[in-house]
Amino acid sequence: MSSIFAFQTKGLNFSKVLFDYSLAMILVIIFVVPMMLMWLVATLETGQNGLFLHQRIGKHAQRFRMFKIRTLKGNYDNPITTETTHKITGSGRFFIKYKLDELPQLFNILNGTMSFVGPRPDVPGYADQLTGEDRIILTIKPGITGPAQLKYRNENDLLKQANDPKQLNDEVLWPDKVAINKKYVHNWSFFGDIKILWETIF
């Protein structure tokens, strides 16, 4: 069984890397000007650098800097961000609604720290604390989108409505995401990734 999984993993890595780099290069060329404009707007509106580098947990539990367009004023110390814990800018609401703040993660794909599809990278204190079978999630690169991301596309609304957002995340959302992502790794297929990308966009 382990040898079969190792063979599948090699195929997964080759297919994903080839697809990721090819598509990311094309999209960077297409969106480089819009990203520069978003960076400028975010810089003016927040009074800080419009490109934000956030520490996340990646493959093999290695920490990396994930690129995002800044949508919040102030610091990002609280790992659970909602409209009640952070001040979201006007442009930030627009960027978040259409996931435009995630576009700079194309450069994370090009530098090898992320993939288009995979478990969404979390802040330290979650994925890096996984044990046993759950650590299979850490054998692949985190993704810009993934099956758990699709299920909880309204996560910000759920957290905003909760009396204790961190408790909801830690006791309900996070364990379910782990289960979803484990299933994704075990049942990975190239066309499965294409389906997730299609559903994310449309």
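Trainee: Which element gives the largest share of the nonpolar patch?

Mentor: Helix α1 does, with 3 residues; a helix here is a DSSP run of H or I of at least four residues, a strand a run of E of at least two, both numbered from the N terminus. This is a predicted model, in which local features need pLDDT of at least 70, side-chain atom pairs count only at pLDDT 80 or more, and totals for chains, interfaces and linings use all residues. Residues are numbered from 1 along each chain as its sequence is written, and side-chain values use heavy atoms, without hydrogens and water.

Trainee: What makes the patch, and which elements give two or more residues to it?

Mentor: W39, L40, L44, L51 and L53 make a nonpolar surface patch of about 460 Å². The elements giving two or more residues are α1 and β1 (51–57).

Trainee: Why is W39 called partly exposed?

Mentor: Buried means under 20% relative accessible area and exposed over 50%, with partly exposed in between (1.4 Å probe, protein chains only). W39 has a relative accessible area of 38%, so it is partly exposed. W39 lies in helix α1.

Trainee: Where is confidence lowest and where highest?

Mentor: On pLDDT, the predictor's confidence in each residue from 0 to 100, helix α1 (residues 2–46) is lowest at a mean of 83, and helix α3 (residues 105–110) is highest at 98. Over residues 1–7 the pLDDT is below 50. Where pLDDT is low, the predicted coordinates should not be read in detail.

Key: Contact means heavy atoms within 4.5 Å. Patches are made of residues with over 30% relative accessible area and no salt bridge: like charges are joined within 9 Å, nonpolar side chains (Val, Leu, Ile, Met, Phe, Trp, Tyr) within 5 Å. Accessible areas come from the Shrake-Rupley method with a 1.4 Å probe; for residues, only the protein chains shown count as cover. A salt bridge is a side-chain nitrogen of Lys or Arg within 4 Å of a carboxyl oxygen of Asp or Glu.
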